[in-house]
Amino acid sequence: MHSSLIGKIDKAKRYAQEPDRVRFSRLEVTFKGEHDDYVVSYTDGTWHCSCAFFAGWNVCSHTMALHRMLTPMIPREAAPGGLAAAAAVGGA
Ligand SMILES: [Zn+2]
């Protein structure tokens, strides 16, 4: 294999262990809930989920779970429902 590509692969392996290098600005996923699939999105610090709970509370288990999965690639201060909600589930 080309030596410069080997160097890039080694660097990629190191980077993959350093998630704080990555900062999401937007994303959209399908979240498989217990009863249905939901579309969860994050755009410039704002979360959205297609579930009924989110419509009433601006936070839900899907957005909170995704935020926990993606920490530190999404900043703490961008916790869905604010830092109080994040602290309540042990994420802050
Ligand atoms: Zn939801």
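Two residues are in contact if their C-beta atoms, placed from the backbone, lie within 7 Å. Of the contacts in the protein chain between residues at least 6 apart in sequence, 28% join residues at least 24 apart.

**Figure 1. Overall fold of the protein chain in a predicted model.** The chain contains four helices and three strands, which follow the pattern α-β-β-β-α-α-α along the sequence. Of its 92 residues, 20% are buried.

**Figure 2. Helix α1, residues 3–16.** From its first C-alpha to its last, this 14-residue helix reaches 20 Å, close to the 20 Å expected at 1.5 Å a residue.

**Figure 3. The largest nonpolar core, with 12 residues.** Its members are Tyr38, Val40, Tyr42, Trp47, Cys49, Cys51, Phe54, Val59, Cys60, Met64, Leu66 and Ile74. At least two residues of this core come from each of β2 (37–43), β3 (46–49) and α3. Strand β2 gives the most, with three residues.

**Figure 4. Surroundings of Phe54.** Leaving aside residues up to four places away in sequence, Phe54 touches Cys49, Val59, Cys60 and Thr63. Phe54, Cys49, Val59 and Cys60 belong to the largest nonpolar core.

**Figure 5. Glu77 in the loop between α3 (61–70) and α4 (83–88).** Glu77 counts as exposed because it has 10 C-beta neighbours inside 10 Å, and a residue is exposed at 12 or fewer. Gly45 lies 32 residues from Glu77 in sequence, and their C-alpha atoms are 8.5 Å apart in space.

Note on methods:
Residues are numbered from 1 along each chain as its sequence is written. This is a predicted model: local features need pLDDT of at least 70, side-chain atom pairs count only at pLDDT 80 or more; totals for chains, interfaces and linings use all residues. The expected span of a helix is 1.5 Å times one less than its number of residues. A nonpolar core is a set of buried Ala, Val, Leu, Ile, Met, Phe, Trp, Tyr and Cys residues joined through C-beta atoms within 7 Å.
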